[in-house]
Amino acid sequence: MIVSLWLVPLTMMVALVLHAQDPNVTKQMEKAAKQAYQDLLNETDKDKDGKISKTEFFAIWKDKKTAEEKYISWDMNKDGYITETEYVKTVKDIRTKKK
Ligand SMILES: [Ca+2]
Ligand SMILES: [Ca+2]
């Protein structure tokens, strides 16, 4: 399910489990996050510009209130697009913060 990739990317969880003892775990995570972003683009990037716009992001959420909340945390520089860089960085932040 594509929405789950926006919560905790599965490929990243796998990387964490497989490489938990690896000092290069951050690098592995980055790789996994980039892979997850590519998967997201395949499903979400309708105009194929390599970025996910607000409209494209909202299209995958049934609950628009949740979409708005998520969108705010992903689009870090507020330019209206979620880029690969932002995705990777947010994913890393989620891991370090661990609410
Ligand atoms: Ca797009
Ligand atoms: Ca942005």
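This is a predicted model: local features need pLDDT of at least 70, side-chain atom pairs count only at pLDDT 80 or more; totals for chains, interfaces and linings use all residues.

Visitor: Fine. What makes up the fold, read along the sequence?

Guide: The protein chain runs α-α-α-β-α-α-β-α, which comes to 6 helices and 2 strands. Buried residues are 17% of its 99 residues. Among contacts with a separation of 6 or more, 48% join residues 24 or more positions apart.

Visitor: Which residues of α3 are buried?

Guide: M29, A32, A33, A36, Y37 and L40.

Visitor: And why are they said to be on the same side of α3?

Guide: Because they cover an arc of only 145 degrees around the axis, they sit on the same side of α3. As background, an α-helix has 3.6 residues a turn, so residues three or four places apart point the same way. On the other side of α3 you'll find K27 and N42, which are exposed.

Visitor: What makes up the largest nonpolar core?

Guide: It has 11 residues: M29, A32, A33, A36, Y37, L40, I52, F57, I82, Y87 and V91. Both α3 (25-44) and α6 (84-97) supply at least two residues of this core, and the largest share, 6 residues, comes from α3. Nonpolar side chains tend to be buried together in soluble globular proteins.

Visitor: Pick one member, I82. What is I82 in contact with, leaving aside its neighbours within four places in sequence?

Guide: K51, I52, F57, W74, D75 and Y87. Of these, I52, F57 and Y87 belong to the largest nonpolar core, along with I82.

Visitor: Now E86. Where is E86 placed, and why does E86 count as partly exposed?

Guide: E86 is in helix α6. E86 has 19 C-beta neighbours inside 10 Å. Buried would take 20 or more, and exposed would take 12 or fewer, so with 19 the label for E86 is partly exposed.

Visitor: What does E86 touch, not counting residues up to four places away in sequence?

Guide: W74, D75 and M76. There's also a distance to S73: S73 and E86 are 13 residues apart in sequence and, C-alpha to C-alpha, 9.6 Å apart in space.

Definitions and conventions:
Residues are numbered from 1 along each chain as its sequence is written. Chains are lettered from A and ligands numbered from 1 in the order in which they are written. Helices (H or I, at least four residues) and strands (E, at least two) are DSSP runs, numbered from the N terminus. Two residues are in contact if their C-beta atoms, placed from the backbone, lie within 7 Å. A nonpolar core is a set of buried Ala, Val, Leu, Ile, Met, Phe, Trp, Tyr and Cys residues joined through C-beta atoms within 7 Å. The arc is that of the directions from the helix axis to the C-beta atoms.
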